[in-house]
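These notes are meant for a colleague who is opening this structure for the first time. Please keep the sequence and the model side by side while reading the numbered points.

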Amino acid sequence: MDAVNRPVRKTRSVKRNSASSSSRRKVRSVTAGKKNRKRKNSRKGWRLWAETPRWLIWTGTGIVVVIYCCILYTYYLKPYFYRWDFGDMYAGHPVVHGIDISHHQGSIDWGELAKAEHTGSGIHFVFMKATEGSDWIDSTFQHNFVRAREHGFIRGAYHFFSNTSSAIKQADFFCQQVELTVNDLPPVLDVETRGNYSEDSLRLEVKNWLKRVEQHYGVKPIIYTSRKFKERYLSDDSLDTYPFWIAHYYVDSLTYQGEWAFWQHTDLGLLPGIKGRVDMNVFNGDLERLKSFTIQSK
């Protein structure tokens with residue numbers, strides 16, 4: 001077919017939608033407006049910063065830094081200053097220091113520990129973990145219990161309360177394993193968790209342990225617990241007749257409002273004769289009162 005006789009193709013004219021074109025123009029206009037406003041605001045902000053006196057900037061920065069340092073000191077640094085130093089006095093009487101130990105402290109050099117001084121005073125009493133539940137005895141208890149007496153420490157033993165067996169079984173097991181004599185501290189019940197007990201059943205089980213052990217040794221046992229746990233679960237008139245040993249760390253004074261005999265104030269103590277950290281405690285009274293607090297007769 002020659003070029004003359006070829007059919008002529010008509011080109012189609014594309015009809016543009018005037019409405020959509022108008023919308024696109026509006027969008028572009030709005031976007032451009034936003035960009036322009038951002039540029040203007042940015043230039044305005046930079047102008048204000050450039051015109052602000054340097055002394056005002058430095059003063060504001062200094063105030064922010066001071067506030068930050070105060071918060072850091074109050075909530076993160078200050079509490080750790082009380083890991084150690086009580087000085088020689090607390091609540092108007094000389095501080096009597098003591099520790100509590102278990103197999104976690106490993107082998108203890110009792111000779112070195114007997115010579116240790118802490119804020120001008122020696123270590124006078126040692127509590128030792130003896131039992132837990134109704135079938136577990138601490139592997140270092142018997143050895144440490146004998147060595148503590150040999151080196152002149154006032155010694156005590158504690159039982160870690162478990163919810164896996166009845167309180168009566170746990171009390172009987174403790175009494176079978178621990179022989180307390182004259183000048184030993186009263187037995188201790190360590191209560192730290194509620195387990196699956198209700199609040200009422202927990203208090204009942206604790207009372208059952210205390211009564212059974214009191215009958216066996218002829219002296220009121222001590223209850224060890226944290227301040228919050230005591231206030232939450234062990235606030236009971238009959239329980240308040242027992243001496244309390246309260247754990248409350250990194251504060252300069254114990255905020256517990258009730259009567260207390262011992263205060264565990266840190267778990268990060270360091271003493272010669274013990275590798276690693278050890279719990280530190282103070283007695284609420286002088287040394288003579290501590291001695292009178294021990295078992296006096298059998």
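Which residues does Val 96 touch, not counting residues up to four places away in sequence? The answer is given in point 2, after a few words on the model itself.

1. This is a predicted model, in which local features need pLDDT of at least 70 and side-chain atom pairs count only at pLDDT 80 or more, whereas totals for chains, interfaces and linings use all residues. Residues are numbered from 1 along each chain as its sequence is written, and side-chain values use heavy atoms, with hydrogens and water left out. The protein has 8 helices and 12 strands, where helices (H or I, at least four residues) and strands (E, at least two) are DSSP runs numbered from the N terminus. Of its 298 residues, 39% are buried; buried means under 20% relative accessible area, exposed means over 50%, and partly exposed lies in between (1.4 Å probe, protein chains only). Among contacts (heavy atoms within 4.5 Å) with a separation of 6 or more, residues 24 or more positions apart account for 65%.

2. Val 96 is found in strand β3 and touches His 124, Phe 125, Asn 281, Val 282, Phe 283, Gly 285, Asp 286, Leu 287 and Leu 290, once residues up to four places away in sequence are set aside. Val 96 counts as buried because its relative accessibility is 3%.

3. A pocket here is an open set of points on a 1 Å grid over the protein atoms alone, where a 1.4 Å probe fits and protein lies on both sides within 12 Å along at least five of seven lines; lining residues have an atom within 4 Å of a point. The largest pocket holds about 280 Å³ of space, a volume being the space filled by probe spheres set on the points, which are joined across faces, edges and corners. Its lining consists of 18 residues, with Asp 100, Tyr 158, Asp 190, Glu 192 and Asp 279 lying nearest the centre. By class, this lining has 7 nonpolar, 4 polar and 7 charged residues, where Ala, Val, Leu, Ile, Met, Phe, Trp, Tyr, Cys and Pro count as nonpolar, Asp, Glu, Lys and Arg as charged, and the others, Gly among them, as polar.

4. The second largest pocket holds about 190 Å³ of space and is lined by 13 residues, of which Pro 243, Phe 244, Glu 259, Trp 260 and Ala 261 lie nearest its centre. The lining of this second pocket comprises 8 nonpolar, 2 polar and 3 charged residues.

5. Beyond four places in sequence, Lys 129 touches Ile 101, Ser 102, Trp 136, Asp 138, Phe 141, Tyr 158 and Phe 160.

6. Helix α5 (residues 167-177) includes Ala 167, which counts as buried because its relative accessibility is 0%. Leaving aside neighbours within four places in sequence, Ala 167 is in contact with Phe 161, Glu 205, Asn 208 and Trp 209. The buried residues of α5 are Ala 167, Gln 170, Ala 171, Phe 173, Phe 174 and Cys 175, and they pack against β5, β6 (136-137), β7 and α6 (199-217).

7. The loop between α5 and β8 (188-190) contains Asn 183, which has a positive phi of about 80° although it is not a glycine. Asn 183 is partly exposed because its relative accessible area is 46%.

8. A search of the whole structure finds 0 disulfides, a disulfide being a pair of cysteine sulfur atoms within 2.5 Å. Cys 69 is partly exposed at 40% relative accessible area, whereas Cys 175 counts as buried at 11% relative accessibility.
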